[in-house]
Amino acid sequence: MARFLLFFSCFLVLVPGFSLAADYCVDVNSKKGWQGITIPNGQITQVSFSGGWSVINGIYKPVGPRGYSGKDAKSLGPFFGYKFDQSYAFGEMLVRDQTGRIVPFAEFSALAVNTRNPAGNYAFRINDLDKALWDNAGLIRVCISMR
């Protein structure tokens, strides 16, 4: 076993460009405001998510990071004043980067794999004002894969 570990260690050092991937994950709770993660410099290879959340638990079904659309979005329309950012859908996941810029999760995911220097602090939240978080339910786990 010791020989194998020594061989594998040498392999990692001698093979240029070979590196182990790492995932940096955060569980974004729908009942909390901004929730952060720090990622190091490197190449983002993938941004993924799992889980779901709901605004007004028990009335609206859980959705993913794109939030509500269709009939549910229309019925939430009168509550527009409870959105954190009016530009995006109810229940949509918002991402704030180290410069303070806020974008929807879908845009963050698409742009992240092309970012040259992604190191920094990022924060995630549901598109719902702090005073309206109490009736939410669920969480979405975000994982950023890097090499």
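How much space lies in the second largest pocket? About 150 Å³.

This is a predicted model, where local features need pLDDT of at least 70, side-chain atom pairs count only at pLDDT 80 or more, and totals for chains, interfaces and linings use all residues. Residues are numbered from 1 along each chain as its sequence is written, and side-chain values use heavy atoms, with hydrogens and water left out.

Let's start with the pockets. On a 1 Å grid over the protein atoms alone, a pocket is an open set of points where a 1.4 Å probe fits, with protein on both sides within 12 Å along at least five of seven lines; lining residues have an atom within 4 Å of a point. A volume is the space filled by probe spheres set on the points.

| Pocket | Volume | Lining residues by class |
|---|---|---|
| Largest | about 210 Å³ | eight nonpolar, four polar, three charged |

The residues lining the second largest pocket include Val 55, Phe 90 and Trp 134.

Now for the disulfide (a pair of cysteine sulfur atoms within 2.5 Å). There's one by this rule: Cys 25 and Cys 143, with sulfur atoms 2.1 Å apart. The torsion about their S-S bond is about 115°, so the disulfide is right-handed. Cys 25 is partly exposed at 29% relative accessibility, while Cys 143 is buried at 12%. Buried means under 20% relative accessible area, exposed over 50%, and partly exposed in between, using a 1.4 Å probe and protein chains only.

Definitions and conventions
Nonpolar A, V, L, I, M, F, W, Y, C, P; charged D, E, K, R; others polar.
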